[in-house]
Amino acid sequence: MHPFASYVLRTYYRETGWNEDNLFANFTRSSSAILDFAVPRGLHLSIAKSPNALFKTTYSMNAMPSLNGSVGYIFTSCDLNVKNSGQAPFKDLIDRFHVYDHPRRPEGKEEEWLAGERVDSRDYLMYGRLYIPTGRLDALYSLRVAPTLQLLVAAISDPPRNIPGRRNADVSNVMINLQHDIGKWCTEYTWSAEDSMWGMKVLRNFGKLGGVSDVPQVKKRAKRVDEEDAVEGGLRGRISAGAELYFSAKEKSAGISTGVRFTTLPDATPPSFQPPQNTPREMPSQPPTTITALFNPMLGHLSAAYTACVSRDLSLASRFDFNVYSYESEWAMGAEWWLRRSLPEAPSSDTSDDADAPPPIPTPDPDSRRDVIGVIKARASTNNNVSLMWEGRLRNMLISLGVVSNLSARSKPIQSLGLELSYFSSA
């Protein structure tokens, strides 16, 4: 389940037209949603309130295994339509597998003029969280410098404390991230004060860009694979490639990694995929699929993942990790199964008592995001680790229940068991 702050940040990106999926940092988000989901530990409670469209507060408490909590505040320059936890589309509240839309060049705000002078402002978001009783403070500032340029400043202020091996250790840090997205290309420049680390990430998308001209085409009849340049026995899609380079002046070390990603077309997974209007909603002509491969030549680490939506409610993923230096390997498998509420039965076709028959019950759209009531996620790996989690909604309360086990540890097969309850409301 997304923390409330993460949900607000994603809503802010969507409202301001920033595509966070077109970043090399989120290169493997599709497979990670199934293979790297976070299972709650102990008992966690969180409550959030939106007094108005610009200001939001959030409170959280961990009751087990230790008692601690936090208080957070969020302020934005634009109105955000953050709905109640009982009304927000469930699929917007969690990490899930879906094929992202093809990248588009971000568009800026409309110009505002007053007395012959331009008065439009830049969008920004400010976030702060104080942890109790440790006194740690986290802060984030996001500024839309230009339509294609965004600045992120993140800071951690943690009071010095005694850490084994590091006397009066201070883990405070400031990190600056500058993102430049033009659709086909996206670059990130980062700097971290703690270890004087400089980094650069770049992502290149091959193929045409999306834009305003693509909107009318969505309403047309979805093309079949064999109506385009079909590839016999294969999938039709687009390719993205990226790389990351970083250097630490303090540690006198450097690193590099590269990656390739293939995604199928159409670009979006239902319900994001929009079929022709006034026609029955259908699945795309080929299963939504994402294939990624990452390689770090300095560490010798190779990772390849395959994720596909095999039916409307079931997605499967597998990933193979291998190190060319130590020959260590791991194979992980995962599944994501969506639960939906049962639809009302259609009225009988007997027309003998039409005059006294009640009006037919409207049947909801079977592919609507609002009929989803929960999801079950499971993963297993060759390291004998098995995780299982259920996420759902009970009235206005969001619930996450999960367990992590190690099949090789006979004395303690259950490593952790957790329950997370979340509720947020708006004015």
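Analyst: What follows is a set of questions about labels, each answered from a value and a cut-off.

User: What should be known before reading the values?

Analyst: This is a predicted model, in which local features need pLDDT of at least 70 and side-chain atom pairs count only at pLDDT 80 or more, while totals for chains, interfaces and linings use all residues. Residues are numbered from 1 along each chain as its sequence is written, and side-chain values use heavy atoms, with hydrogens and water left out.

User: What makes a stretch a helix or a strand, and how many are there?

Analyst: Helices (H or I, at least four residues) and strands (E, at least two) are DSSP runs, numbered from the N terminus. The protein has three helices and 23 strands.

User: How do you know that the length of H1 fits a helix?

Analyst: The expected span is 1.5 Å times one less than the number of residues. H1 has 13 residues and should therefore span 18 Å; its end C-alpha atoms are 18 Å apart, which agrees. Just after H1, glycine 17 takes a positive phi of about 80 degrees.

User: Why is arginine 29 called buried?

Analyst: Buried means under 20% relative accessible area, exposed over 50%, and partly exposed in between (1.4 Å probe, protein chains only). Arginine 29 has 15%, so it is buried. Its place is in helix H2 (residues 29–35). Contact means heavy atoms within 4.5 Å; not counting residues up to four places away in sequence, arginine 29 touches Arg10, Glu20, Asp21 and Tyr100.

User: Is glutamate 15 buried, exposed or partly exposed, and why?

Analyst: Its relative accessibility is 44%, so glutamate 15 counts as partly exposed. Glutamate 15 sits in helix H1. Its C-alpha atom is separated by 8.2 Å from that of cysteine 78, 63 residues apart along the chain. Leaving out residues up to four places away in sequence, glutamate 15 touches Asp79 and Leu80.

User: Why is isoleucine 34 called buried?

Analyst: Isoleucine 34 has a relative accessible area of 0%, so the label is buried. This residue is also in helix H2. Isoleucine 34 and serine 315 are 281 residues apart in sequence, yet 8.4 Å apart in space, C-alpha to C-alpha. Among the residues that isoleucine 34 touches, not counting those up to four places away in sequence, are Phe97, Thr307 and Ala317. For the protein as a whole, 37% of its 427 residues count as buried.

User: What makes a group of residues a nonpolar core?

Analyst: A nonpolar core is a set of buried Ala, Val, Leu, Ile, Met, Phe, Trp, Tyr and Cys residues joined through side-chain atoms within 4.5 Å. The largest one has 26 residues, and Phe90, Leu93 and Phe424 have the most contacts inside it. Helix H1 (4–16), strand E6 (124–132) and strand E20 (372–381) each supply at least two residues of this core. H1 gives the most, with seven. Apart from this core lies another, of six residues, among them Ile34, Phe97, Cys309 and Ala317. In soluble globular proteins, nonpolar side chains tend to be buried together.

User: What makes a space a cavity, and how many of 30 Å³ or more are there?

Analyst: On a 1 Å grid over the protein atoms alone, a cavity is a set of points where a 1.4 Å probe fits but cannot get out; lining residues have an atom within 4 Å of a point. Grid points are joined across faces, edges and corners, and a volume is the space filled by probe spheres set on the points. The structure holds four cavities of 30 Å³ or more.

Key
1 Å grid on protein atoms, 1.4 Å probe; cavity = no way out; pocket = protein on both sides within 12 Å on 5 of 7 lines; lining within 4 Å.
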